[in-house]
Amino acid sequence: MNKSEFIEALAKEEGLTIKRAEMVINNIFESIEKALIEDERVEIRGMGSFKVKHYKGYLGRNPKTGDAIKVGKKRLPFFKVGKELKERVDKL
């Protein structure tokens, strides 16, 4: 399911217009994004949690030339699935 399908499903399920459902979904995603940018953890009970993982820089290699390349430190979003969702999906 992609974002537009998610919006359509919400609109149909809740009797909303597509425009209104899109606004709701965009607000949810923007709230999650803002929290992650501020290094906060976001937990959705029964589903899982989002957090930012911090990675140190390291010395890598260019696979084409074999030259050493310095890779800087980075922060990446990470989703950890919750126990309830994991069990529901596994039932199938």
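A salt bridge is taken here as a side-chain nitrogen of Lys or Arg within 4 Å of a carboxyl oxygen of Asp or Glu. In this predicted model, the side chains of Glu43 and Arg41 meet that criterion with an N to O distance of 3.2 Å, and Arg45 forms a salt bridge with Glu43 in which the closest N and O atoms are 2.9 Å apart.

The whole structure holds 3 salt bridges, one of which joins the side chains of Arg75 and Asp39 at 3.9 Å, N to O. This pair links distant parts of the chain, with Arg75 in strand 5 and Asp39 in the loop between helix 2 and strand 1, 36 residues apart. Both partners are partly exposed, Arg75 at 43% relative accessible area and Asp39 at 42%. Asp39, which lies just after helix 2, takes a positive phi of about 65°.

Helix 2 itself (residues 18-37) has 20 residues and spans 28 Å from its first C-alpha to its last, close to the 28 Å expected at 1.5 Å a residue. Ala21, Ile25, Ile32, Ala35 and Leu36 are buried in this helix; seen down the helix axis, the buried residues fall within an arc of 110°, so they line one face of helix 2. Their cover includes helix 1, strand 1, strand 2 and strand 5, while Lys19, Lys34 and Ile37 are exposed on the other side of helix 2.

Notes:
Residues numbered from 1 in each chain as written. Predicted model: local features only at pLDDT ≥ 70, side-chain atom pairs only at ≥ 80, totals over all residues. Heavy atoms only, no water. Helix = DSSP H or I, 4+ residues; strand = E, 2+ residues; numbered from the N terminus. Expected span 1.5 Å × (residues − 1). Buried < 20%, exposed > 50% of the residue type's maximum accessible area, 1.4 Å probe, protein only. Arc of directions from axis to C-beta. Contact = heavy atoms within 4.5 Å.
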